Every structure is written in structure tokens, then in C-alpha cells.
Amino acid sequence: NPIGTAGLGNHKHNDLLSFTLLFQGAPVFVDPGSYVYTVNEEWRNQFRSTRSHNTAVVDGSEQNRMVGGLLFLLRSDGTPRVCEWKSNAEFDLAIAEHDCYSRLDDPVVHRRSIYLCKLTQTILIRDELIGNLTHSIEFNFHVDDMKIEMLEQHLVQIKPKHSDSGLLFANCDADSRFQIGTDWV
């Protein structure tokens, strides 16, 4: 959704096109939360940053710029838009985009499609970053307390700690680096 409360963004995070996912009742891809509201500006801003959400960071920039010292303000740098939404007995499809990176020297639009095949319990996520030049793109996917194993360079198995079954997570772009790290939730 757009920056709320008359465009101030007082409780807003840079989470456009982010998502959460439960698998067999267990949280897998999660939103890390807020941590603190006023005690520590650095931690508040870290938890509401673009990097702390399951979305893309372009050229190291926030989706909406933060203003130092103003913990309850985000600049309204772009607009989110739902392009398509379909739901039936076989699948769900959501396609949305935002233009927060239009302020860059080479404007970029981030479009994300999420397709859920209900019959096979398969989720496909497609990200398009639409611009003219080369950019640095970082995708972050935050998981809950999981067993994570790199099977191949672009294939990761994610299992809830108290389950024998898990998910496979694949990065289909053979040219990009894939790293597993730890973060706060």
C-alpha cells in the first residue's frame, strides 16, 4: 500500500512487493517486525528498511527515503499498483509493481508476479526490474528458524525445524550470486 496518514508514513516500512509464506502451518518467509519504535533510530530504520523485507533493493537505495531524526516519516517516493489479480480453484495470480526507484538517474520499475498452483502446491515468483541501464540488484528472502541447506549453487532446501518435509527454493538466474546469511527477526 502507499505511504499512509496523509503521506507521512508514520508506521510504514519499505516493504512494497514483499510477501510472507506459511508452509503446513509453519512460518517460512517472514516479515522481521519492528524491533523498536523510538529508543534507537538505527535499529528502527534497519527493521523498516527495504533490505529487511522480502523484496528487491536497487542500487542500494531504499524504496522510500528515510529522514534522519524523524522516526515516523518516510518520503513518498513512488506508488504501488496492482496490475492483475486472479483467483480460482486451480491457481492464484498476483502481479503488482511500484515506481519508487524512478528517482534514480536511470529510472527503474519493480514488477513482481506471484503464481500459486493449488494442485501441486508450487509457488513461482518472477521479478522484473524495468530500466535502461545496468543496476545493482539485491533480493532478500527472510526465513524463520529453519534448517537451510544449499543443494546446488542455485537450489536451496528450506525445512521447518520440526518437520521432515520442506520446500525447495531456486534462483533461476545463473549469473547471479546466491548467499545464505543470518539476520534478526
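1. Helices (H or I, at least four residues) and strands (E, at least two) are DSSP runs, numbered from the N terminus. Residue numbers start from 1 along each chain as its sequence is written. The model is predicted, so local features need pLDDT of at least 70, side-chain atom pairs count only at pLDDT 80 or more, and totals for chains, interfaces and linings use all residues; side-chain values use heavy atoms, with hydrogens and water left out.

2. Start with the backbone at Leu-17. This residue lies in the segment before strand S1 (21–23). Its phi is positive, about 70°, although Leu-17 is not a glycine. Buried means under 20% relative accessible area, exposed over 50%, and partly exposed in between (1.4 Å probe, protein chains only). Leu-17 counts as buried because its relative accessibility is 14%.

3. Gln-121 also needs a look. Its phi is positive too, about 55°, and Gln-121 is not a glycine. The residue sits in the loop between strand S6 (108–117) and strand S7 (122–130). Is Gln-121 buried or exposed? Gln-121 is exposed, because its relative accessible area is 64%.

4. Next, the salt bridges. A salt bridge is a side-chain nitrogen of Lys or Arg within 4 Å of a carboxyl oxygen of Asp or Glu. How many salt bridges does a search of the whole structure find? The search finds 10.

5. One of them joins the side chains of Lys-12 and Asp-15, at 2.8 Å from N to O. Lys-12 is in the segment before S1. Lys-12 is buried, since its relative accessible area is 10%. Asp-15 is partly exposed, at 24%.

6. Arg-51 pairs with Glu-138 in another salt bridge, with the closest N and O atoms 3.0 Å apart. Arg-51 lies in the loop between helix H1 (41–47) and strand S3 (56–58), and Glu-138 in strand S8 (residues 137–139), so the pair ties together parts that are 87 residues apart in sequence. Arg-51 is partly exposed, with a relative accessible area of 38%. Glu-138 counts as partly exposed at 26%.

7. Glu-84 and Lys-86 form a further salt bridge, and their closest N and O atoms are 3.2 Å apart. Glu-84 is partly exposed at 27% relative accessibility. Lys-86 is partly exposed as well, at 41%.

8. Last, a surface patch. Ile-148, Met-150 and Ile-180 form a nonpolar patch on the surface, with about 240 Å² of accessible area together. Patches are made of residues with over 30% relative accessible area and no salt bridge: like charges are joined within 9 Å, nonpolar side chains (Val, Leu, Ile, Met, Phe, Trp, Tyr) within 5 Å. Accessible areas come from the Shrake-Rupley method with a 1.4 Å probe; for residues, only the protein chains shown count as cover. Ile-180 is placed in the segment after strand S11 (167–170). Ile-180 counts as partly exposed, because its relative accessibility is 44%.
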